[in-house]
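Thank you all for coming; I would like to take you through one structure this morning, slowly and in order. Please have the sequence and the model open while I talk.

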Amino acid sequence: MDLKSNHASPVLTEASPINKSRRGLRAKLLLCSAPSASFLPGLLLTSPKMKHAILDDVRSATWLDAMKSSSPPPKLITKDIDNDIGASEPDVAYQTWMLKYPSALLSFEQFANSAKGKRIVLFLDYDGTLSPIVEDPDRAFMSDDMRKAVGKAAKCFPTAIISGRSRDKVFEFVTLPELYYAGSHGMDIRGPVRPPSSDDHPNSIRSTDKQGKEVNLFQPASGFLTMIGEVFASLVEATKDIDGVIVENNKFCVSVHYRNVDVKSWDKVVACVGGILKEYPHLRLTLGRKVLEVRPVIDWDKGKAVMFLLESLGLSKCEDVLPIYIGDDRTDEDAFKVLREGNQGFGILVSSGPKESSAYYSLRDPSEVKEFLNSLVIWKKSSAL
Ligand SMILES: [Mg+2]
């Protein structure tokens with residue numbers, strides 16, 4: 001993989017869609033107020049691609065639709081009376097879906113065969129993967145059993161957590177210093193130190209962590225720090241009268257959680273976020289699990305974070321390396337895609353319902369993730385005998 005040519009300079013991509021009347025203004029804004037070279041070294045402006053989404057009035061309805069369609073009402077559980085097999089409709093749909101995305105547990109033998117003689121590297125999302133999704137994002141704790149499973153896995157394989165949360169927050173939850181951490185959807189990476197070389201990224205610095213260990217910090221969106229803080233404050237103020245909204249500052253991105261907001265007020269959430277984002281052409285909006293995420297418009301995501309970490313570990317050009325990425329969110333798809341397209345590892349989607357994915361395997365929930373990690377460790381130890 002060639003991080004130098006593909007990833008060394010985060011690329012500022014056009015935020016879109018936009019309505020026609022604003023395109024001219026937006027183009028000027030990009031030229032006049034785009035972050036300069038000192039803002040993000042090596043930054044490259046690209047022509048509008050109409051690819052990402054900044055929210056404006058015209059598109060509010062679209063976002064509301066997307067939020068509703070990603071939160072379908074629970075289906076009625078109906079028995080198959082004719083065959084009396086006792087399977088509910090959702091179960092049948094899930095089992096059919098699993099033909100395409102087999103359970104990593106049920107297919108463990110097949111998985112183990114393909115992993116024979118390879119060096120596994122583990123990448124784990126946090127929320128919904130290692131911890132259950134809960135109403136209060138500040139209380140998304142992982143169980144002690146899960147922590148043990150992750151800790152044991154990290155003794156056998158290089159392991160990194162890649163989360164949308166701030167890096168400090170996700171470390172507070174996991175508390176395992178032997179892991180690598182990437183917060184803010186990969187925009188804040190604490191990775192291994194490597195000898196200085198001409199391949200070093202411009203936003204990469206050596207630092208010492210709280211445990212006194214030397215680490216490499218990589219923050220491709222460092223120039224957005226002030227802007228994100230400003231937007232966080234504006235979002236807190238704008239949404240303060242909407243019951244249930246939680247706005248979370250994840251350092252290089254902001255999450256607006258609407259899990260606890262009455263569905264009738266979701267349009268107000270969209271309007272507030274959209275109103276503020278209009279003033280920030282260099283920020284874009286993405287949709288997660290009952291959360292709107294405000295992120296810098298740079299060409300960096302969890303997939304690129306995976307490649308960066310593999311390279312930092314000196315494992316990017318090794319044929320015998322098998323990266324495994326486990327995650328439940330749309331943002332994890334970037335990592336699944338990178339592994340699938342590079343034909344160099346497996347994505348495992350955590351989902352209790354059928355959904356399209358670039359992953360190869362599936363696991364139903366965090367308890368199955370724990371079981372899979374334990375199985376990996378047992379397999380590793382037995383294959384070393
Ligand atoms: Mg997640």
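Let me begin with a term: buried means under 20% relative accessible area, exposed means over 50%, and partly exposed is in between, with a 1.4 Å probe and protein chains only. Helices (H or I, at least four residues) and strands (E, at least two) are DSSP runs, numbered from the N terminus.

This is a predicted model, in which local features need pLDDT of at least 70 and side-chain atom pairs count only at pLDDT 80 or more, while totals for chains, interfaces and linings use all residues. Residues are numbered from 1 along each chain as its sequence is written, and side-chain values use heavy atoms, with hydrogens and water left out.

First, the overall picture. The secondary structure of the chain comes to 12 helices and 15 strands, and of its 385 residues 52% count as buried. If we take contact to mean heavy atoms within 4.5 Å, then among the contacts in the chain with a separation of 6 or more, 66% are between residues 24 or more positions apart.

Now please look at strand β13, where seven of the seven residues are buried. In a regular strand the side chains alternate between the two faces of the sheet. Both faces of β13 are covered, with Val-321, Pro-323, Tyr-325 and Gly-327 buried on one side, and Leu-322, Ile-324 and Ile-326 buried on the other.

Which strands are joined to β13? Two strands pair if DSSP finds at least two bridges between them; β3 runs parallel to β13 and is joined to it by six bridges, while β14 (residues 346-350) also runs parallel to β13, with four bridges. Within these pairings, Ile-326 of β13 stands opposite Leu-124 and also opposite Ile-348 in β14.

Ile-326 brings us to Leu-373, which touches Ile-326 along with Leu-122, Leu-124, Met-146, Ala-149, Val-150 and Ala-153, not counting residues up to four places away in sequence. Leu-373 sits in helix α12 (residues 366-383), and it counts as buried because its relative accessible area is 0%. Leu-373 and Leu-105 are 268 residues apart in sequence, yet their C-alpha atoms are 9.7 Å apart in space.

Let us turn to the metal. Which residues coordinate the magnesium ion? They are Asp-125 (OD), Asp-127 (O) and Asp-328 (OD), at 2.1 to 2.2 Å. Donors here are N, O and S atoms within 2.8 Å of the metal (3.2 Å for Na, K and Ca), and since water is not among the atoms, sites may look incomplete. Asp-125 lies in the loop between β3 (119-124) and α6 (144-156), and Asp-328 lies in the loop between β13 (321-327) and α11 (333-342), so that this pair, 203 residues apart, links distant parts of the chain. Asp-125 is buried, with a relative accessible area of 4%, and Asp-328 is buried at 1%.Asp-127 is also among the contacts of Arg-165, as are Pro-137, Glu-248 and Asn-250, once neighbours within four places in sequence are left aside. Arg-165 is found in the loop between β4 (159-162) and α7 (167-174), and it is buried at 5% relative accessible area. A polar atom of the Arg-165 side chain lies 2.7 Å from the backbone oxygen of Pro-137. That is a polar contact, meaning a pair of N or O atoms within 3.5 Å, where within protein one must be able to donate a hydrogen and the other to accept it, and residues adjacent in sequence count only if both atoms are side-chain atoms.

Another sheet deserves a moment. Four strands form an open, antiparallel sheet in the order β9-β10-β12-β11. At its edges stand β9 (246-249) and β11 (283-288), each with a single partner strand, so one side of each is left without a neighbour in the sheet. Inside it, β10 (residues 254-257) and β12 (residues 291-296) pair in the antiparallel sense over four bridges, and the partner of Val-254 in β12 is Val-294.

Finally, the nonpolar cores, each being a set of buried Ala, Val, Leu, Ile, Met, Phe, Trp, Tyr and Cys residues joined through side-chain atoms within 4.5 Å. The largest has 59 residues, and the members touching the most others include Leu-235, Val-273 and Val-294. Helix α9 (residues 266-277) gives this core its largest share, seven residues. A second, separate core of 40 residues includes Tyr-126, Met-142, Phe-157 and Val-170. Leu-235 itself is in contact with Val-247, Val-254, Val-256, Val-273, Ile-276 and Val-294, leaving aside neighbours within four places in sequence.
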